[in-house]
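The following note is intended for a colleague who is meeting this structure for the first time. The numbered points may be read alongside the sequence and the model.

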Amino acid sequence: MNIEPVVDSSFEQPFRLTQEEVQRFADLTGDNNPIHLDAEYAATTSFKKPIIHGMLGATIFTKVLGTQFPGFGSIYLKQTLEFLRPMFVETDYKAVFTIKTINPEKHIAEISTEIVDVSTKKVVTRGVATMINTEKF
């Protein structure tokens, strides 16, 4: 990913999650809430079907920021998150990243992070990542 490290640079990463990934996340974290794993139970809720763990959806942020931009050598200092809408398996999403500030003396950038449902165009998760990278910032 060739991103110009300047304020207002923006980039996107498409992704989708499977029920198998939700199950593996539940196994790893111990969060076996039936809203994520049991379709029969989820049908009785306002969502009508299982939803993805919010924190699982947000892992797209660390994947992209740690491996693509700013990439290797990056250190996460902070990540804020707001879970605005549910996420569902086998649904197309895109993660949208926008550089908001850069402090070149400290090599720190604040990057807006959003997950957008591709079909509805609605933001489902948003926040801000604070990253340090001595080579990029």
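1. Does His53 count as buried or exposed? The model under review is a predicted one. In this model the relative accessibility of His53 is 2%, under the 20% cut-off, and His53 therefore counts as buried. His53 is placed in the loop between helix H3 (39-42) and H4. Setting aside neighbours within four places in sequence, the contacts of His53 are Val22, Phe25, Ala26, Asp31 and His36.

2. In general, an α-helix has 3.6 residues a turn, so residues three or four places apart point the same way. Just after H1, Gly30 adopts a positive phi of about 85°.

3. As a general matter, nonpolar side chains in soluble globular proteins tend to be buried together.

4. The aromatic residues deserve a separate point. The structure contains 5 aromatic pairs. One of them joins Phe11 and Phe69 in an edge-to-face arrangement, with 5.4 Å centre to centre and 75° between the planes. This pair connects distant parts of the chain, since Phe11 belongs to strand E1 and Phe69 to the loop between H4 and strand E2 (75-79), 58 residues apart. Phe11 and Phe69 are both buried. Through ring pairs, Phe11, Phe61, Phe69, Phe97 and Phe137 are linked into a cluster. A ring of another kind of interest is that of Phe88, over which the charged end of Lys49 sits, 4.5 Å from the ring centre.

5. Pro70 is likewise found in the loop between H4 and E2. With a relative accessible area of 3%, Pro70 is buried. Beyond residues up to four places away in sequence, Pro70 touches Leu65, Ile111, Met131, Asn133, Lys136 and Phe137. Pro70 and Pro86, by contrast, are 16 residues apart in sequence and 28 Å apart in space, C-alpha to C-alpha.

6. Gly127 belongs to strand E6 (residues 123-132). Its relative accessible area is 13%, which means that Gly127 is buried. Not counting residues up to four places away in sequence, Gly127 touches Gln79, Thr80, Leu81, Ile111, Ser112 and Thr113.

7. A final point concerns annotation. An unreviewed UniProt entry lists residues 11-105 as "domain: MaoC-like". In the model, this span is 35% helix and 24% strand, and its end C-alpha atoms lie 24 Å apart.

Terms used: Residues numbered from 1 in each chain as written. Predicted model: local features only at pLDDT ≥ 70, side-chain atom pairs only at ≥ 80, totals over all residues. Heavy atoms only, no water. Helix = DSSP H or I, 4+ residues; strand = E, 2+ residues; numbered from the N terminus. Buried < 20%, exposed > 50% of the residue type's maximum accessible area, 1.4 Å probe, protein only. Contact = heavy atoms within 4.5 Å. Phe/Tyr/Trp six-rings, centres within 6.5 Å; stacked < 30°, edge-to-face > 60°. Lys NZ or Arg CZ within 6 Å of the ring centre and 35° of its normal. UniProt positions renumbered as here; feature names shortened; annotations may be inferred.
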